[in-house]
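Hi,

Here is the structure I said I would pass on. Have a look at it first, and my notes on what turned up follow below.

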Amino acid sequence: MQTIITTLSQELSLRPEHVQAVVSLLDEGNTIPFIARYRKEQHGTMDDQTIRVLSDRLQYLRGLDQRKQEVKAAIAAQDKLTPDIEAAIDAASILTEVEDIYRPFRPKRRTRASIAREKGLEPLAALILSGRDGTGAPLSQGLEELCAPYIDADKDVNSPEEALQGAKDILAEGFSDDADTRKRLRENIQRKGSLSCSAATEEDTVYRLYYDFQGRLDKLQSHQVLAMDRGEREDVLKISLLPGEFSPSQVILRKCPTLHPFRAVLEEVAEDAWDRLIFPSLEREIRKALTEQADEQAIRTFALNLRPLLMQPPVKGKVTLGFDPAYRTGCKLAVVDGNSKVLETAVIYPTKPHNKVEESKRVLRRLCDTHSVQCIAIGNGTAGRESEIFVSEFIKEYGHGVSYMVVSEAGASVYSASKLGAEEFPDYDVSLRSAVSIARRLQDPLAELVKIDPKAIGVGQYQHDMPQARLSEALDGVVEDCVNAVGVDLNTASPSLLRRVAGISPAVAKNVAAYREENGGFSTRRELLKVPKLGPKAFEQCAGFLRVPESKKPLDGTAVHPESYAAAEKLLELCGYTLGDIGALSDLDLRLKAFGPEKAAEACGVGLPTLRDIAAELQKPGRDPRDQLPPPLLRTDVMDIADLTPGMKLSGTVRNVVDFGAFVDIGVHQDGLVHVSQLSDRFVRDPNQVVKVGDVVQVRVLEVDEKKKRISLTMKKESGS
């Protein structure tokens, strides 16, 4: 275990004692949000993302260690475990190296080599490889003479040629099974090799870019690997691995003297081993590794995009009209108040084939007048463009300060057709539920999006090609971190939101909701302990993230953990305040500085990081980190792609970030692409270093292709400016 702690410390540039503390906390069953927020002194204030990376790597290293023990036991069972082999296994840093060492000892199906061994040809193979007799002198016999003693009709060895071929087969398998040889050849391919791609069809497809493509393995982008993999699965592309310019035989025979008496035979065997055994195996391994690396990069990008999407600033307290666009079946409308309660629903038909524009405007006007609508959230799906134009015209005519925003519909239909959607709105049909969801996404993206499988939210690439368990694990971790960073109102949160709180399982979330229903809500945090199946450990994990603003205990409405209530009260006392002053402590920092933070922390019985967190929370109880971000971009007018001209400057909202750039909504219903080369005046390797989903950015139009509906944008400064 100490080796794992040292490895993690070195890889993540963290102090060993902090790594050990996190590992111990995880092993004790603590959740990552709880560790990150309430155990800062123990781990040196790591954030939740760092702890999650540490946890993932810990899991891999423990799996690697377990596999090492299994391999050593398997080799020992064959009485072949030597100190050198054991040391090599212990020194292996990746699973592939362990499997390479185990390869010669792994039980095999019958091969040409095993058949040759059954014929008693292994001593002959050893003689040919060594080129020396029992005294260590170079062999003087020719091959035919050397093979003659091994001719045995009973063993189906009828000629020197057959004996030699059997020996060659044994040698070829030996070369293939040599761990150091495989490692060297693999490294050569990874350094010098390339992936070649060609068309398997004459049809024009989305994979045309790869119909004649070759890319070096060390330069390939993850999106290229995933695109080629999918094209190959769909029988549109043919992919082959080119090893690059080097001599595999020289690597295989690196220990063989140039003047070896059977050098020519060994070179022939090395070429056979490479062509028949080693390269096909390494090709599969390397292709698999490329895909796994691309998957991990895509999952990382998906997670990076999901976090800012969930953490988009809410449009709080505004009466919002959700507008779910459609053609034939009509556009569904749902008005929700500032607390997301549905006030009224309707259906209008402003789009083709009905084109009832004036009638639709009258309905929209009535809804806006009746409920004092302030914002309209328009879904970006089918008929979204026409609906946006209709809403824009209506706003101009209406003239009462209403604005609109186009909202991603991704996953709305999943929620609408789900059991959860049916339970929440049993009297509404699927499309009206979508309209409610669209409105709520503008009001509080986090509270609404937690109801949807993160994979359906639509901020990644090739999500259906990813290892689904790994993708779900990564995305669920992001959702959990976001929910706990914001905090949850215990008396209003939906079960979907509650189940994302640290320490609360889906079953316990339902129990919390049921208790709330039966008892008219929670009056204190401590009352949580009355909820069935929510014991002391679960309470410890979740309590700090659940708020009870109605509680008579002011600290129940803050992110201060109940275990630190005494410390918070002591801090208030030291600085001359009372619990009644919480939220109105404008000079708390000055008083704390005058008293001395270290001295105060000691007096309160907590560490300095916890003291600072308590002080910040007492000044702004229940603060929402999303409030510090720029507000979403609301519009009142709409443009068409035909209105765009090169050089035009616009504001836009980042909708998706991928390896090759960012897609930006500039209000023309067709997102424009800012290629990675256009994101900044400096070189950008990773677009996520420059932009995040939800960012409002200033862009300039580079090129517009109306026919293909492609818009090229730049965020670079104009030359001369």
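H29 covers residues 608-619, so to speak a run of 12 residues, and reaches 17 Å from its first C-alpha to its last, close to the 16 Å expected at 1.5 Å a residue. Keep in mind throughout that this is a predicted model.

Which residues of H29 are buried? They are Leu 608, Thr 610, Leu 611, Asp 613, Ile 614, Ala 615, Glu 617 and Leu 618. You'll see that Asp 613 and Glu 617 are on that list along with Leu 608 and Ile 614. As for what they pack against, the partners are helix H3 (32-38), helix H4 (40-43), helix H26 (565-574), helix H27 (588-595) and helix H28 (597-604).

Zooming out to the whole chain: there are 29 helices and 15 strands, and 49% of the 721 residues count as buried. The C-alpha trace spans about 105 × 70 × 60 Å along its principal axes. If you take the contacts between residues at least 6 apart in sequence, 65% of them join residues at least 24 apart. The accessible surface is about 34700 Å², and carbon and sulfur atoms account for 50% of that.

Now the aromatics. The count comes to 10 aromatic pairs. One of them is Phe 246 with Trp 274: the ring centres are 6.1 Å apart and the planes sit at 80°, and since anything over 60 degrees goes down as edge-to-face, that is what this pair is. Phe 246 is in the loop between strand S3 (237-242) and helix H14 (248-252), while Trp 274 belongs to helix H15 (residues 263-310), so the pair ties together parts that are 28 residues apart in sequence.

Phe 323 comes from strand S4 (residues 320-324) and Phe 390 from helix H17 (residues 384-398), so here the parts tied together are 67 residues apart in sequence. Both Phe 323 and Phe 390 are buried. There is also a cluster, with ring pairs linking Phe 34, Tyr 38 and Phe 545.

Two lysines sit over rings. The charged end of Lys 352 is over the ring of Tyr 327, 5.6 Å from its centre, and Lys 599 lies over the face of Phe 595, at 4.7 Å from the ring centre.

Lys 451 deserves a paragraph to itself. Where is Lys 451 found? It is in the loop between helix H21 (445-449) and helix H22 (468-486). With a relative accessible area of 13%, Lys 451 is buried, because the cut-off for that is under 20%. Its side chain makes a polar contact of 3.0 Å with the side chain of Glu 424 and a polar contact of 3.1 Å with the side chain of Glu 448. Leaving aside neighbours within four places in sequence, the residues in contact with Lys 451 are Tyr 415, Leu 420, Glu 424, Arg 440, Ser 494 and Ser 496.

Next, some backbone details. Most residues other than glycine have a negative phi, and most peptide bonds are trans. The peptide bond from Lys 352 to Pro 353 is cis, with omega near 5°. Pro 353 is in the loop between strand S6 (342-348) and helix H16 (357-371), and Lys 352 is the residue whose charged end sits over Tyr 327.

Asp 235 is not a glycine, yet its phi is positive, near 60°. Asp 235 lies in the loop between helix H13 (222-233) and S3, and is exposed, with a relative accessible area of 62%. Ser 372 also has a positive phi, of about 55°, without being a glycine. Ser 372 is in the loop between H16 and strand S7 (375-379), and at 48% relative accessibility counts as partly exposed.

Cheers

Notes
Residues numbered from 1 in each chain as written. Heavy atoms only, no water. Helix = DSSP H or I, 4+ residues; strand = E, 2+ residues; numbered from the N terminus. Expected span 1.5 Å × (residues − 1). Buried < 20%, exposed > 50% of the residue type's maximum accessible area, 1.4 Å probe, protein only. Contact = heavy atoms within 4.5 Å. Phe/Tyr/Trp six-rings, centres within 6.5 Å; stacked < 30°, edge-to-face > 60°. Lys NZ or Arg CZ within 6 Å of the ring centre and 35° of its normal. Areas by Shrake-Rupley, 256 points an atom, 1.4 Å probe, with all protein chains shown as cover. Polar contact = N/O pair within 3.5 Å; in protein donor to acceptor, adjacent residues only side chain to side chain.
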